[in-house]
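Please keep the sequence and the structure in view while reading.

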Amino acid sequence: MQISWRSVGAGSLFGLLTALGPWFQGLSFQAAALFSTGLFLTYASIGLLVAVLPSFSPKYLAGALWGLIYSLPGAVFTAVPYPLTADAPAYYREFAGGGLRASVLTLLFGALAGGVAGLFHRSRA
């Protein structure tokens, strides 16, 4: 199996850029580090998935489809509200409340990460 490392790199770069957000939200160092690590690993793994799964034309659409499918379980989990402590930062409340908006954002970001990785997917020869 041949891996398109450009797709992995693109997914990782998308994850790195997205992972910058929690550092500017007033979270504690530990919370920002954990949240950022989770975002980075999620989008880097979407890049890896796009790199190894079959592609079709246009490649960004194939990547977006794989990213969307990968994000489906996360969208289901974010749809269900879960309790937070009263002193939890507002940044966490965005997804803790659950609902359609959190699910759509989860699917959208998964598709965006996959689409970016798909743009850099190299055809297998």
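## Where H1 meets H5

In helix H1, the residues Ser-7, Ala-10, Gly-11 and Phe-14 meet Phe-109, Leu-112, Ala-113, Val-116 and Ala-117 of H5, where contact means heavy atoms within 4.5 Å. Sorted by class, this contact of H1 with H5 has seven nonpolar, two polar and no charged residues.

This is a predicted model, in which local features need pLDDT of at least 70 and side-chain atom pairs count only at pLDDT 80 or more, while totals for chains, interfaces and linings use all residues. Residues are numbered from 1 along each chain as its sequence is written, and side-chain values use heavy atoms, with hydrogens and water left out.

## The aromatic pair

Two aromatic pairs are counted, a pair being rings of Phe, Tyr and Trp (its six-membered ring) whose centres lie within 6.5 Å, with planes under 30 degrees apart called stacked, over 60 edge-to-face and the rest tilted. One of them joins Phe-14 and Tyr-43, which are edge-to-face at 5.2 Å centre to centre, with 85 degrees between the planes. Because Phe-14 lies in helix H1 (residues 5-18) and Tyr-43 in helix H2 (residues 29-52), the pair ties together parts that are 29 residues apart in sequence.

Both Phe-14 and Tyr-43 are buried, a word that means under 20% relative accessible area, with exposed over 50% and partly exposed in between (1.4 Å probe, protein chains only).

## Leu-72 in H3

Leu-72 is found in helix H3 (residues 59-79), and Leu-72 is partly exposed, with a relative accessible area of 42%. Helices here are DSSP runs (H or I, at least four residues), numbered from the N terminus. Although Leu-72 and Ser-103 are 31 residues apart in sequence, their C-alpha atoms are 8.5 Å apart in space.

Methods. Helix = DSSP H or I, 4+ residues; strand = E, 2+ residues; numbered from the N terminus. Nonpolar A, V, L, I, M, F, W, Y, C, P; charged D, E, K, R; others polar.
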